[in-house]
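Here is a short briefing for a first look. Keep the sequence and the 3D view open as you read.

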2 protein chains.
Amino acid sequence: MLLDGALPERVSDHDGVPAMIEAFKSDTDGKKVNLGPGMYCDDDAKTWVLPAVAKARKILLTDPNFNHDVLPQLGYPDFVSVARQITFGDTLDTRTIVSMQTIAGTGANQFFAHFMSDALRPAKVYLADFYCFASSSQGFATGDIDNDGWAIRHFTKCANGKMEFAVAQSFSKNFGLYGERIGALHLVVDNRNIAARVEETLKRIARAEITSPPGFGAKIIATVMQTSALREQWQQDIKTMSSRLQNIRQRLYDELTKRSTPGNWGHFVTDVGISKHLSLGIC
Amino acid sequence: MLLDGALPERVSDHDGVPAMIEAFKSDTDGKKVNLGPGMYCDDDAKTWVLPAVAKARKILLTDPNFNHDVLPQLGYPDFVSVARQITFGDTLDTRTIVSMQTIAGTGANQFFAHFMSDALRPAKVYLADFYCFASSSQGFATGDIDNDGWAIRHFTKCANGKMEFAVAQSFSKNFGLYGERIGALHLVVDNRNIAARVEETLKRIARAEITSPPGFGAKIIATVMQTSALREQWQQDIKTMSSRLQNIRQRLYDELTKRSTPGNWGHFVTDVGISKHLSLGIC
């Protein structure tokens, strides 16, 4: 048979995070807690539908114009517009930036790697944080979108505003839309001539891999950001999540310290965000 | 600058269909009709939200358990189950079949090409209808899902039930969910040992390119197929679309014949489906 001789007897081990999610689901222990996947949960360890998202869902559902027409190759225009605004803030108009909607952060990274592979024809593409920012937690560090956007906005001004770089953006965490796979890729380039060629290359890549991205998550985010009451609700939801995470860190630090647990745990309260590197070494 | 020298001065011409959609949108002629893209429209030339889908949307969006948790790598299990049922019908239990949710038909084809490239390491991968069925219009030919599924189900029995092949399935047309990018890839294989290795390879590909597929379209379809009243509504919606298309073909044939238009137009009423090859030659 064709496939029998072609596939290796043992394929690579399960990828850590998805395998952990599946193992957790199968575990029957009543006290189980899953600390692996990067998904925000409430005090009952349940994932959270942001109130802003719940309200946007209702608006969409009752909108007689809510349809399922195919999106443009680069994505839902209103979504792409707000994604650019969230990322670049008041630096948006100071640089030439090509943006597209992607399948969350994974899709953004993958499209960027594909783009760089097409453009530069390297043997391999390594994605380093310096050239391609991975923006997956904007809002979780300080509870404020603009504060958290400082680093990316700073780089738009580097090298006299000439530095070229990319941003792979995910809205999985800060909109709680993990399963709708909503993200964006932004390429900050030198001039409009390059931008036109970059855009055509990205369209070709999108056409080959997905034709166009999915609509629902994009329309939710656009609805939130373009409705002032929902935008304020979302900013409140961001503060709710970031402050709860800070609170958990403080409580964990207090419990470890109270038990005189060997080790230095101060970094629990100096670090920020949804993840925590435990520095436990090999157990 | 890095990108300036790397990108070609002129990238390939716009892909035909998306470029046509954009040109149509920009055209200000009041009598414009877009015959290019493969999207079903009603008598007012508007795309149609299927009644079954509208009802499923309402169920989902008023369900307090409707969340946006990340899906498993191979997709929403209830959706994958109904996609298998729609494709294979009563042949489903006669073969070993590995299935996954994909970004519509484009994603299914692209994942299959990626899979075959990984498995066989060819110089290029050509997707031929013989080895990989493109199932994008099931229901449109005869108005009946099972009738239209005959060909694929027939091949499950070929070579004494040993033939290995793939199906790249799209629900863009038969659920009108073009913009939600909902499809599936099925690999019919010889035995469970191969199936396990195929599944691990597909998971690895999904993890690298998208992590997991989007939830909304999958949950719509699962809701429709698992609710008997909605399933009946959907079967009616399929008949509505396929019979309207037959009616249009007949009307077009009548108008061409009435005008004694040079040419042979009988194929208009003998062909079926959402597209029509006009055989006009080079104009």
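Among contacts in chain A between residues at least 6 apart in sequence, what percentage join residues at least 24 apart? The figure is 71%. The model is predicted.

**Chain A overall**

- Chain A holds eleven helices and four strands.
- The C-alpha trace of chain A spans about 60 × 60 × 50 Å along its principal axes.
- Chain A has a radius of gyration of 21 Å. A compact globule of 283 residues would have a value near 19 Å, so the two agree.
- Of the 283 residues in chain A, 47% are buried.
- The accessible surface of chain A is about 14000 Å². Carbon and sulfur atoms account for 53% of that surface.

**Arg57(A), a buried charge**

- Arg57(A) sits in helix α2 of chain A, which covers residues 51-61.
- Arg57(A) is buried but has no salt bridge.
- The nearest side chain of opposite charge belongs to Glu180(A), 7.1 Å away. A salt bridge needs the nitrogen and oxygen within 4 Å.
- The side chain of Arg57(A) does make a polar contact of 3.0 Å with the side chain of His68(B).

**Two loop residues with positive phi**

- Ser260(A) is not a glycine, yet its phi is positive, near 50°.
- Ser260(A) lies in the loop between α10 (228-258) and α11 (267-270) of chain A.
- Is Ser260(A) buried or exposed? Its relative accessible area is 59%, so Ser260(A) is exposed.
- Ala45(B) also has a positive phi, near 60°.
- Ala45(B) is in the loop between α1 (16-26) and α2 (51-61) of chain B.
- Ala45(B) has 54% relative accessibility and therefore counts as exposed.

**Gly183(B), a buried strand residue**

- Gly183(B) belongs to strand β4 of chain B, residues 182-189.
- With 0% relative accessibility, Gly183(B) counts as buried.
- Leaving out neighbours within four places in sequence, the contacts of Gly183(B) include Phe79(B), Met100(B), Gln101(B), Thr102(B) and Ala104(B).
- Gln169(B), Ser170(B) and Phe171(B) are also among the contacts of Gly183(B).
- Arg121(B) is 62 residues from Gly183(B) along the chain, and their C-alpha atoms are separated by 25 Å.

**Helix α9 of chain B**

- How many of the ten residues of helix α9 of chain B are buried? The count is ten of ten.
- The buried residues of α9(B) include Phe216(B), Lys219(B), Thr223(B) and Met225(B).
- Part of the cover comes from chain A, through its own α9 (216-225).
- Within chain B, the cover includes α2, α3 (77-88), β1 (96-103), β4 and α10 (228-258).

**Salt bridges**

- Side chains of opposite charge can pair when their charged atoms come close.
- Over all chains, the count is 16 salt bridges.
- One of them joins Lys162(A) and Asp190(A), at 3.5 Å from N to O.
- This pair links distant parts of the chain, 28 residues apart. Lys162(A) is in the loop between α7 (158-161) and β3 (165-170). Asp190(A) is in the loop between β4 (182-189) and α8 (192-209).
- Both partners are partly exposed: Lys162(A) has a relative accessible area of 40%, and Asp190(A) has 21%.
- In helix α8 of chain B (residues 192-209), Lys203(B) and Glu199(B) lie four residues apart, about one turn of the helix.
- Lys203(B) and Glu199(B) form a salt bridge, with their closest N and O atoms 3.8 Å apart.
- Lys203(B) is buried at 18% relative accessible area, whereas Glu199(B) is partly exposed at 31%.
- Glu200(B) forms a salt bridge with Lys203(B) as well, its closest N and O atoms being 3.8 Å apart.
- Glu200(B) and Lys203(B) are three residues apart in helix α8, so about one helical turn separates them. Both residues are buried.
- In chain A, a network of salt bridges links Glu199(A), Glu200(A) and Lys203(A).

How values were computed. Residues are numbered from 1 along each chain as its sequence is written. Chains are lettered from A and ligands numbered from 1 in the order in which they are written. This is a predicted model: local features need pLDDT of at least 70, side-chain atom pairs count only at pLDDT 80 or more; totals for chains, interfaces and linings use all residues. Side-chain values use heavy atoms; hydrogens and water are left out. Buried means under 20% relative accessible area, exposed over 50%, partly exposed in between (1.4 Å probe, protein chains only). Lys and Arg count as positive and Asp and Glu as negative; His and the chain ends are not counted. A polar contact is a pair of N or O atoms within 3.5 Å; within protein, one must be able to donate a hydrogen and the other to accept it, and residues adjacent in sequence count only if both atoms are side-chain atoms. The radius of gyration is taken over C-alpha atoms; the globule rule is 2.2 Å times the number of residues to the power 0.38. Contact means heavy atoms within 4.5 Å. Accessible areas come from the Shrake-Rupley method with a 1.4 Å probe; for residues, only the protein chains shown count as cover.
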